[in-house]
Amino acid sequence: MRIAGSDSRVLVTGGAGFIGSHLVDFLAGAGCRVTVLDNFRNGREENLQAALRTGRVNVVRGDIVDPRVCDNTLPGHPVVFHLACLGVRHSLHNPHENHQVNALGTLNLLQSARRAGVTRFLYVSTSEVYGRALAFPLTEQATTWPTTVYGASKLAGEHYAAAFHTCHGLPVVRVRPFNNYGPRAHFEGDSGEVIPRFLLRALAGQPPVIFGDGSHTRDFLFVQDCAEALVRIAECDALVGGLVNLGYGEEVRIDALARLALEVVGRNDLKPMHEADRPGDVPRLWVDATKLRQTTGWRPRIPLAQGLADTLEYYHALYTANPRCLEQMQTRNWEV
Ligand SMILES: NC(=O)c1ccc[n+]([C@@H]2O[C@H](COP(=O)([O-])OP(=O)(O)OC[C@H]3O[C@@H](n4cnc5c(N)ncnc54)[C@H](O)[C@@H]3O)[C@@H](O)[C@H]2O)c1
């Protein structure tokens, strides 16, 4: 199925968020007409500024937990990318709401998609569904053993999506992205991610804070690579009804990441601080992206060192404009 380069009408839930807004940029740049459905809980209007200037993007403010919002918005959109969610740290202090958005919100969208006759529904899941997996790198066959309500509720969304394919023939594709980073990544509140937190603290002359001994690992994908890959995956007919991992394919220790971040900011003099482990923190994430390559031919373009330098430019501008932005960063941000 062709999406990029066509004038398809595409719905992006969570399109004002970090990954969603880069996806909207990519789709609008590729000629699609895009509707963003977002309640702006964690999304930002400024993330959509460039996309709105193309004249091919419109925004619906609404909550996917309300089935009427889904029923009213889906018709007229043959292609749906579902990214709206609440995150992993949020699930530690507000598990009920996290479940409502991630699991029930997904069910609402699937029901509306079926009624509206959607011809491609991409469910954006997460590598957090693997939880405490034991064999690495992680293929799609690895056992799912989520450690958090976030991981569990995203997995529920996957199973609901698969059930709509099996029972009703809804053309669903499920994708499990590993960690993303890049401009617009959250640093603030319970959404704050490791890379913007390391970079902003280093810019302010503060050492990175590592939870645990630094031996945890993650697999980092630059967000613009991710946006392009999501479109390639949605376009891939062979993946309908199936599941695919999405990541760079390099396992990076968090203490090594801290050193890289300090180097890119030019603050090698700062020494990382260590705090106790975060509850439910997954020890290792490392993708086996063989299936992704074989089905779509897609490969990432941006290696971590280059992506970090590009990301730094964004946070440098942000910090220069507003040094007080650091006040929005909480150390133990799962306790908000
Ligand atoms: N960021 C990562 O590293 C990463 C890794 C793996 C998977 N993912 C998945 O990618 C997707 C996007 O993640 P992100 O990092 O861009 O998160 P984000 O928080 O930046 O984006 C989520 C968006 O959903 C919106 N939203 C939240 N609740 C909503 C509701 N009830 N109704 C409508 N909109 C709502 C938020 O306002 C926000 O704009 C999520 O599904 C997430 O599980 C992200």
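Predicted model: local features only at pLDDT ≥ 70, side-chain atom pairs only at ≥ 80, totals over all residues.
The shell comes to 31 residues around the ligand, of which Gly-14, Gly-17, Phe-18, Ile-19 and Gly-43 come nearest. If we sort the shell by residue class, we find 13 nonpolar, 14 polar and 4 charged residues.

Let me turn to the domains. The domain assignment of the protein gives a domain 1 made of 9–180 together with 222–246, and a domain 2 made of 182–219, 250–286 and 301–328. The C-alpha centres of domain 1 and domain 2 are 25 Å apart, and the contact takes 25 residues from domain 1 and 18 residues from domain 2. On the side of domain 1 that touches domain 2, the elements giving two or more residues are α1, at 18–29, α4, at 88–93, and α8, at 223–235, and among these α4 has the largest share, with 4 residues. That side of domain 1 divides into 8 nonpolar, 13 polar and 4 charged residues.

Next, helix packing. Two packed helices are described by the angle between their axes and the distance between the axes, and I will take two pairs in that way.

For helix α5, residues 95–116, and helix α6, residues 149–168, the axes come within 9 Å and cross at roughly 15°. An angle under 35 degrees counts as roughly parallel, and α5 and α6 are therefore roughly parallel to each other. Their crossing is right-handed. On the α5 side the contact includes Pro-95, Asn-98, His-99 and Arg-114, while the residues they meet in α6 include Val-149, Tyr-150, Lys-154 and His-168. By class, this contact of α5 with α6 has 10 nonpolar, 7 polar and 2 charged residues.

For helix α7, residues 194–203, and helix α9, residues 254–265, the axes also come within 9 Å, but here they cross at roughly 45°, and α7 and α9 are therefore oblique to each other. Again α7 passes α9 in a right-handed crossing. What classes of residue make up the contact of α7 with α9? There are 12 nonpolar residues, with no polar and no charged ones; in α7 they include Val-194, Phe-198 and Leu-203, and in α9 they include Ile-254, Leu-257 and Val-265.

Finally, two backbone details in loops. Most residues other than glycine have a negative phi, and most peptide bonds are trans. Phe-40, which is not a glycine, has a positive phi of about 60°, and Phe-40 is found in the loop between β2, at 33–38, and α2, at 49–53.

Terms used: Residues numbered from 1 in each chain as written. Axes fitted to C-alpha atoms, helices over the stretch in contact; angles between N-to-C directions. Parallel < 35°, antiparallel > 145°, perpendicular 65-115°, else oblique. Left-handed = near helix turned anticlockwise from the far one by under 90°. Contact = placed C-beta atoms within 7 Å. Nonpolar A, V, L, I, M, F, W, Y, C, P; charged D, E, K, R; others polar. Domains from an automatic or database assignment. Near = placed C-beta within 6 Å.
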